[in-house]
Amino acid sequence: MDKISLIIPCYNEEETIPILYNELNRISHLMKYVTFELFFIDDGSTDNTLLYFKELSAKDSRVKYISFSRNFGKESAMYAGLSHANGDYVAILDADMQDPPDLLPKLYSTIKEGKYNSVATRRTTREGEPRFRTICAKIFYKIMRKISKTNIVDGSRDFRLMDRKFVNSILSLKEFNRFTKGMYNWVGFKTTCIEYENVKRCAGKTKWSFLGLLTYSLEGIISYSTVPLIITSLIGLFFFVLSLFFIIFIIIRQLIYHNSANGWSSSICIILLIGGIQLFSIGIIGQYLSQIYLEIKGRPHYIIDETNINENYFDL
């Protein structure tokens, strides 16, 4: 009998955990032809999330939990789950029910056809989300497709069912600055996608602020594309050539009209423009250097505070 490991990253999700668990319990009764293990990853929650995990594990042996020493982020939580899950198939889903557990039977039946190593999911609508966030998300996916070789489809989710070969390939990527949506595409293998309409959170509020999503998007772009560096180089080359034309123009004007000292205000505007572009370019370079800086430190992706797994996983 196949085993499916479900990885659920959680950060202050005390309101959603009971609802999600009951739903997963219902799904598991429908899918009696497989066994489940539930990996709840507590990403440094400050509410009663960990307490719920302990209560569930006390009455259900399928429930495993890992609690971090602090908030390390969703990417680290997903990596921890993938590292510990030992099922034949592994799925990642959010605790807020926006990744519908009802899709699990369809995901499983699709991957069991033997044609695919991964069955992904994609939202076709974003109803219920702020309009501005929806627009920014669409812009992000368009930029990613244009400037990188990673084809991330608009509306794609972390929610997917993967076979062991696919999971092991993801785990082989050891970088500290992780962008899992890009990794799914980078490792290759055969993948299909199941679409569904957006589902609202079952309870609580999203923990993603606009600034947090913007930072996450920038990290994704920097992780999977060097085009920003190429753009800054081209801008620098453009202004270098433009400055040569201006130098020639000023010399000719001085020789003919003897008034090349005029136009201080326009000169200041040009200086400020070029200075701003230089600082912008230095900032982009700085982002790449910061990622290199974090990588060479070799720090662990996370530190475990508590777990009910009877193995030592601290050396990661």
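Student: What should I know about the model before we start?

Tutor: It is predicted, so local features need pLDDT of at least 70 and side-chain atom pairs count only at pLDDT 80 or more, while totals for chains, interfaces and linings use all residues. Residues are numbered from 1 along each chain as its sequence is written, and side-chain values use heavy atoms, with hydrogens and water left out.

Student: How many helices and strands does the protein chain have?

Tutor: There are ten helices and eight strands. Both are DSSP runs numbered from the N terminus: helices are H or I with at least four residues, strands are E with at least two.

Student: Why is F166 called buried?

Tutor: Buried means under 20% relative accessible area, exposed means over 50%, and partly exposed is in between (1.4 Å probe, protein chains only). F166, which sits in helix α6, has 0% relative accessibility, so it counts as buried.

Student: What does F166 touch, beyond its neighbours within four places in sequence?

Tutor: Contact means heavy atoms within 4.5 Å. F166 is in contact with N117, S118, R160, Y184, V187, G188, F189 and T191. Take V187: it is 21 residues from F166 in sequence, yet their C-alpha atoms are 7.9 Å apart.

Student: F189 is on that list. What makes F189 partly exposed?

Tutor: Its relative accessible area is 38%, so F189 falls in the partly exposed class. You will find F189 in the loop between α7 (180-186) and β7 (191-196). Its phi is near 70°, a positive value in a residue other than glycine.

Student: Which class does N12 belong to, buried or exposed?

Tutor: N12 has 18% relative accessibility, and therefore counts as buried. N12 also has a positive phi, near 55°, and lies in the loop between β1 (2-10) and α1 (17-30).

Student: Why are α3 and α6 called oblique to each other?

Tutor: Two packed helices are described by the angle between their axes and the distance between the axes. Axes are lines fitted to C-alpha atoms, for helices over the stretch in contact, and angles run from 0 to 180 degrees between N-to-C directions. Angles under 35 degrees count as roughly parallel, over 145 as roughly antiparallel, 65 to 115 as roughly perpendicular and the rest as oblique. The axes of α3 (residues 74-84) and α6 (residues 164-171) cross at roughly 130° and come within 10 Å, so this pair is oblique.

Student: Which residues meet there?

Tutor: Y79, L82 and S83 in α3 meet V167, I170 and L171 in α6. By class, five are nonpolar, one is polar and none is charged. (Ala, Val, Leu, Ile, Met, Phe, Trp, Tyr, Cys and Pro count as nonpolar, Asp, Glu, Lys and Arg as charged, and the others, Gly among them, as polar.)

Student: How do you know that α3 is mostly covered?

Tutor: Nine of the eleven residues in α3 are buried, including M78, Y79 and L82.

Student: What makes α1 and α2 roughly parallel?

Tutor: The axes of α1 and α2 (residues 49-59) come within 11 Å and cross at roughly 30°. That angle makes α1 roughly parallel to α2. Their contact is made by I17, P18 and Y21 of α1 with Y52, F53, L56 and K59 of α2.
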